[in-house]
Amino acid sequence: TQSQPRSKRTPTLEIHGRILDAARRIVERDGVDGLTIRALSAQADVSPTSIYQHIGGKQAVCDALIDTYFTDLREQLIAIDESDPVLRLRRAGIIYREHALDAPGIYALVWMGQASDSAQHCLDAITQIFDTARQHLYSAAMTPISSSIWGSIHGFIQFELRSAQPRTRGRERVDRSYGYLLDLLIRGIQR
C-alpha cells in the first residue's frame, strides 16, 4: 500500500509570530481602532479562525502585544551594562524613550490596557534601577521620587508623540531636550 502524503502544517509558534507581527504593523499604521480580526487575517495571511485558535479575539491580541512590549523593554533594561548607578538610571531613561518611539502605536496601546504580569516584571526592573540609584544618590524613600521621574519621562514622551511635527524634524533638538530632562531629574535627587 502506498502511504498518503502528509500535509505540511505551519508550526504554531510561526503562526503566532506572524499574527503578532501583522498586528504590530496594523497598530503602528492604523492605530488600535484599525486592528480588527478581518484586517489582521488579511495582513497575516491566516484565517480568522486561526487567529482565534492561536491567540484569541482582538483583546487577546492586544494583550499579547502589550506583553511582548513590556517583555522586550524589561530585557533591554536588565541588559544595561553600566556599573555607575547614575549613568545606569540615565541609560534606562533613554532606552524607555527609544522603545516608545520605535513603536508609538504599541506604546499608546500599553497605556490603554490593563497591567499584566509582564508589565509588573518590567516595573520591577525599573524599580531596581531606581533603587540602586537611590542608594547611591539619595537616602529617602524612592517610591514617590520614582513615580515623579517616571511621570516626567512619560509626559515628555507623550508630548513628543502627539506633536504636530514629524519626529524626524528637529530630532537632534528633541534628543537634547530629553537629555536635559534626564540630567535635571538626576540632579534633583542627588545629595
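Helices here are DSSP runs of H or I with at least four residues, numbered from the N terminus. The model shown in these views is predicted.

View 1. Most residues other than glycine have a negative phi. D45 is not a glycine, and it sits in the loop between α2 (37-44) and α3 (48-54). D45 is exposed, its relative accessible area being 64%, where the cut-off for exposed is over 50%.

**View 2. The two sides of α2.** I37, L40, S41 and A44 of α2 are buried. These residues lie on the same side of α2, because they cover an arc of only 105° around the axis. R38 and A42, on the other side of α2, are exposed. The cover over the buried residues of α2 includes α1 (12-30), α3 and α4 (58-78).

**View 3. The Y96 and Y107 pair.** The structure holds five aromatic pairs. In the pair of Y96 and Y107, the ring centres are 6.1 Å apart and the planes stand at 80°, so the pair is edge-to-face. Y96 belongs to α5 (residues 85-102) and Y107 to α6 (residues 104-110), so the pair ties together parts 11 residues apart in sequence. Both Y96 and Y107 are buried. Y69, F70, Y96, Y107 and W111 form one aromatic cluster.

**View 4. The F156 and Y178 pair.** The ring centres of F156 and Y178 are 5.1 Å apart with planes at 55°, so this pair is tilted. F156 is in α8 (residues 143-161) and Y178 in α9 (residues 171-189), so the pair ties together parts 22 residues apart in sequence. Y178 is buried, with a relative accessible area of 2%.

Key
Residues are numbered from 1 along each chain as its sequence is written. This is a predicted model: local features need pLDDT of at least 70, side-chain atom pairs count only at pLDDT 80 or more; totals for chains, interfaces and linings use all residues. Side-chain values use heavy atoms; hydrogens and water are left out. Buried means under 20% relative accessible area, exposed over 50%, partly exposed in between (1.4 Å probe, protein chains only). The arc is that of the directions from the helix axis to the C-beta atoms. Contact means heavy atoms within 4.5 Å. Rings of Phe, Tyr and Trp (its six-membered ring) pair if their centres lie within 6.5 Å; planes under 30 degrees apart count as stacked, over 60 as edge-to-face and the rest as tilted.
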